[in-house]
Amino acid sequence: MLHGKDMIVYGDNQITLIENLNNIENHIKPVHIEMVVNILCLKGKASFSYNSEKLELKANDLFVCYPNSIVVGNEYSNDFEIRGICLSRDYMKQLITLPRNIWETILYIEKSPLAHLDDSNVELLMQYYNLMRTKILNANSVNLNEILDLLTQAILCEIQDVFAPLAKFEPVKYTSSNLLFSKFMGLLSTSLPHERTVTYYADRLFVSPKYLSAVCKELTGNTASAIINTFMVKEIERLLKMNTLSIKEIANELNFSSISFFGKYVRKKLGMSPKHYRELLAKGKKHD
């Protein structure tokens, strides 16, 4: 799907490639990100707010964000040039292999979504991007889907290698437990709204809830339920920052059975009602 001078070079329900942003007007409206977004800046710079944090993207910077993030206040220099690969949540679920330390990676990137690359890493990622672009736009292969899956997995692993030295991940042995945990985190991090029961994920991973929780406890010190709740609370916090959604709409989007149940859940996890928490955010106060 070519769009000429538009920012989208190609886009389907799985992968979107973006390049040109110099025809996009500066704006201050919040954008709710619904894909896994990987942006490499080649030159120029852009200033924006990411989940209420002000960031600047410069040449050789890699920006990664996960679904349900909020980006607002974009300002681009005239020479701003990027290459981007955006992956849908459903597509991420289909990938057989996700990078090791996916849990640590997600937590680190959520706090520090920018990484500055040296020229060799930029060149390497550009080689992957150009290969993916070429394969997609010249789709004359009977194995195109399989090739794209492998390329995507390779790119995700390369991005993992970029952030690993920054986050100082501990080496992980490739065991059946690590593989199960990686698949669990892949399901959790790409699901929206997040299901809140361990049974939901255990059924899709063909293991018992007890075994899944035991594996999570062994590898992270946290049960599967605790990890699920961590993701859910982060999602609730992000959505409450969006004044465009009412509390009732947030409860519906996150698949709570009622606004009353949602309120009780938020009080238990955040220590206050959704309305009170939103009021604190509006006043610029941080919740401990």
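# Reading strands, helices and salt bridges

User: Which residue of β7 stands opposite I39?

Analyst: F63 of β7 stands opposite I39. Before going further, note that this is a predicted model, in which local features need pLDDT of at least 70 and side-chain atom pairs count only at pLDDT 80 or more, while totals for chains, interfaces and linings use all residues. Residues are numbered from 1 along each chain as its sequence is written, and side-chain values use heavy atoms, with hydrogens and water left out.

User: How are the strands and their pairing defined, and what does β4 pair with?

Analyst: Helices (H or I, at least four residues) and strands (E, at least two) are DSSP runs, numbered from the N terminus. Two strands pair if DSSP finds at least two bridges between them. Here β4 (residues 35-43) pairs with β9 (residues 81-88) in the antiparallel sense, over eight bridges. N38 has I85 of β9 as its bridge partner. β4 is also joined to β7 (residues 61-65), again antiparallel, by four bridges.

User: What is the general rule for side chains along a strand?

Analyst: In a regular strand they alternate between the two faces of the sheet.

User: How many helices and strands are there in the chain, and what share of its residues is buried?

Analyst: The chain holds 11 helices and 10 strands. Buried means under 20% relative accessible area, exposed over 50%, and partly exposed in between (1.4 Å probe, protein chains only). On that scale 46% of the 288 residues are buried. A contact is a case of heavy atoms within 4.5 Å. Among contacts with a separation of 6 or more, 69% are between residues 24 or more positions apart.

User: How do I read the span of a helix, taking α10 as the case?

Analyst: The expected span is 1.5 Å times one less than the number of residues. Helix α10 (residues 259-270) has 12 residues and reaches 16 Å from its first C-alpha to its last, close to the 16 Å expected.

User: Which residues of α10 are buried, and where do they lie around the helix?

Analyst: F262, G263, Y265, V266 and L270 are the buried ones. Viewed down the axis of α10, they fall within an arc of 165°, so they line one face of the helix; the arc is that of the directions from the helix axis to the C-beta atoms. K264 and K268, on the other side of α10, are exposed. The buried residues pack against α8 (224-240), α9 (247-253) and α11 (274-282). After α10 comes G271, with a positive phi near 80°.

User: Is α5 mostly covered or mostly open?

Analyst: Mostly covered: 11 of the 14 residues of α5 are buried, including L180, F181 and F184. Helix α5 spans residues 176-189 and reaches 20 Å from its first C-alpha to its last, close to the 20 Å expected.

User: Which parts does the bridge between E110 and K234 tie together?

Analyst: The side chains of E110 and K234 meet at 3.7 Å, N to O. E110 lies in helix α2 (residues 102-111) and K234 in helix α8, so the pair ties together parts that are 124 residues apart in sequence. E110 counts as buried at 14% relative accessibility, and K234 as partly exposed at 25%.

Definitions and conventions
Salt bridge = Lys/Arg side-chain N within 4 Å of Asp/Glu carboxyl O.
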